[in-house]
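Let's walk through this fold together, starting with the sheet and then moving on to the helices.

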Amino acid sequence: MFTAGFTIMNVPINENYEKLDGGYLFAEIAKRVRSYEERNGKKPLSLGVGDVSLPLSQCVVTAMKEAANEMGRAETFRGYPPYFGYDFLRGAIRRHYARFGVLLDDDEIFVSDGAKSDSANFGDILGDAPVFVCDPVYPVYEDANIMAGRRVTRISAAKENGFVVSAKDFSAESAVIYLCSPNNPTGAVYDKNVMSEWVEKAKSSGSLIIFDSSYQAYIVGDEPRSIFEIDGADECAVEISSLSKTAGFTGVRCSWTVVPKNLLSRGRSINEMWARRQSTKFNGVSYVTQRAAEAALSYAGYEECRKNIDYYMENARLIMRALSEKGVYHTGGKNSPYVWAKCPRGLSSREFFDAALECGVVCTPGSGFGSAGEGYFRLTAFNTRQNTINATSALSSIL
Ligand code: MLT
């Protein structure tokens with residue numbers, strides 16, 4: 001244990017941290033859950049943070065084992081991975097996009113360790129641009145930009161807007177806009193018209209869209225899986241995506257960011273700047289992980305991983321059925337593993353969170369995603385079937 005020191009550290013610190021609204025949402029929830037565990041001597045059932053519960057698909061495990069064996073033999077051992085990903089994985093990601101008609105070059109794909117980190121780190125190459133996020137929003141987009149001292153404005157994506165933000169009322173110039181479809185937390189999915197309007201608006205206003213497609217594998221309709229399905233997006237957007245929810249990689253860590261070579265700001269190549277940032281600050285993703293990701297993105301591997309997605313979506317149906325039986329308004333859960341529901345009896349998000357925890361169930365309070373989330377809660381479909389059934393039945397007394 002450290003003892004109290006006698007010197008006073010006086011290095012200036014990042015005062016922007018003072019502007020943050022409390023702790024990171026999911027870390028705060030984890031604290032509350034720990035306190036519940038201490039009080040009750042048992043773990044609550046989690047429909048809170050979107051962490052997967054099913055084991056990795058067999059094709060992924062096999063690829064990891066083979067890669068681990070290679071790492072254990074002198075002739076196939078590898079040291080530092082390439083900064084932006086092995087060619088075999090960049091090729092697999094390129095082929096994955098080609099399946100829905102998006103043609104990329106390998107050097108537009110940057111393999112990384114998480115959509116969360118990339119969505120925050122991308123700010124490293126941006127100047128003092130105004131930032132716009134949807135409300136409710138995945139809190140990382142907002143917090144990371146506040147930490148960097150940028151002005152963040154929330155655009156309401158509330159029920160009256162179908163939980164989707166439209167470009168029609170957007171009038172800022174040279175701005176950064178975060179969009180996420182299927183959306184975390186509401187599960188709303190952007191159709192081609194809305195996305196085309198955003199691309200048009202971004203181009204006409206000299207703005208950049210940071211598009212998070214981490215839940216693209218959950219889309220069942222013909223909505224775009226990628227912003228690059230929209231003409232002109234390669235001149236105004238980057239896309240961040242991940243295998244966390246597609247292939248159960250929350251603990252494995254593998255994602256990518258697509259930065260088109262056509263994307264220029266004031267004559268500077270954003271692709272080259274991101275390459276400069278990544279090669280300076282990031283040492284790549286492990287060989288074993290990249291082989292696992294390659295397996296998950298192969299035709300056969302993707303189909304195998306889809307079985308887990310189908311399983312989770314059956315959980316989503318069970319959650320929605322339980323809410324419907326109690327007449328609780330909800331949305332999402334169709335193109336997304338998240339169900340977004342109105343708190344019953346006029347409870348606030350925090351009140352409902354506390355009541356759910358007393359029933360032994362963790363949800364995520366909607367207010368944690370922004371003021372437009374007040375009065376809502378989010379449930380994830382990522383737990384096991386039995387835990388999902390037990391959790392919805394435990395919640396039924398307070399719905
Ligand atoms: C969530 O629950 O919103 C996500 O799992 C959090 C994350 O992906 O970081």
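In what order do the seven strands of the open sheet lie? The order is β2-β8-β7-β6-β5-β3-β4, and the pairing is mixed. Strands here are DSSP runs of E with at least two residues, helices are runs of H or I with at least four, and both are numbered from the N terminus; two strands pair if DSSP finds at least two bridges between them. At the edges stand β2 (109-112) and β4 (152-156), each with a single partner strand, so one side of each has no neighbour in the sheet. From one strand to the next, the twist averages 25°.

A word on provenance: this is a predicted model, where local features need pLDDT of at least 70, side-chain atom pairs count only at pLDDT 80 or more, and totals for chains, interfaces and linings use all residues. Residues are numbered from 1 along each chain as its sequence is written, and side-chain values use heavy atoms, with hydrogens and water left out.

One of the partners in β4 is S156, bridged to D135. Helix α5 (residues 139-147) packs on the sheet, touching β3, β4, β5 (176-180) and β6 (208-212) (contact means heavy atoms within 4.5 Å). Its direction makes about 160° with that of β4; axes are lines fitted to C-alpha atoms, for helices over the stretch in contact, and angles run from 0 to 180 degrees between N-to-C directions. Helix α6 (residues 192-205) lies across β4, β5 and β6, at about 150° to β6.
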